[in-house]
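Q: Can you walk me through this one? I'm new to it.

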Amino acid sequence: MSASPENLVAIFVMALAAMAAKGGGFVAMRWLGRHRFVSALLDHAPGAVLVSAAVVPLVQAGDAYWAGAIAAAVLTRMAGGFTPGLFGAVGAVALARWAGL
């Protein structure tokens, strides 16, 4: 397997762009992270991202995903963490699909 020079340059440029974006984010948060609005936005962003990712399968796929969503909500609330809810949701979807939902 050999790589062409164009591919190597493209990979190198993408790596530089990724590092610049990450570094720029750290530099920007050095100043923006001190404001209350930005801090509140960052505190709530992970939940909003997860909900937006979960809505599409709930609307399009059907009952197995609803069972997973309910299991995730219950386990997250009762166990007090994201990880038990995540594993419970995956298990509930797998069990519901196995059962024919």
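Q: Where does α2 bend, and by how much?
A: α2 bends by about 40 degrees at A45, and a proline, P46, follows within four residues. The bend at a residue is the angle between axes fitted to the seven residues ending there and the seven starting there. This is a predicted model, where local features need pLDDT of at least 70, side-chain atom pairs count only at pLDDT 80 or more, and totals for chains, interfaces and linings use all residues. Residues are numbered from 1 along each chain as its sequence is written, and side-chain values use heavy atoms, with hydrogens and water left out.

Q: OK, what comes after α2?
A: G62 follows α2, and its phi is positive, near 125 degrees.

Q: How many helices and strands are there?
A: The chain has four helices and zero strands. Helices (H or I, at least four residues) and strands (E, at least two) are DSSP runs, numbered from the N terminus.

Q: How much of the chain is buried?
A: Of its 101 residues, 13% count as buried.

Q: What about the radius of gyration?
A: The chain has 20 Å, whereas a compact globule of 101 residues would have one near 13 Å. The radius is taken over C-alpha atoms, and the globule rule is 2.2 Å times the number of residues to the power 0.38.

How values were computed:
Buried means under 20% relative accessible area, exposed over 50%, partly exposed in between (1.4 Å probe, protein chains only).
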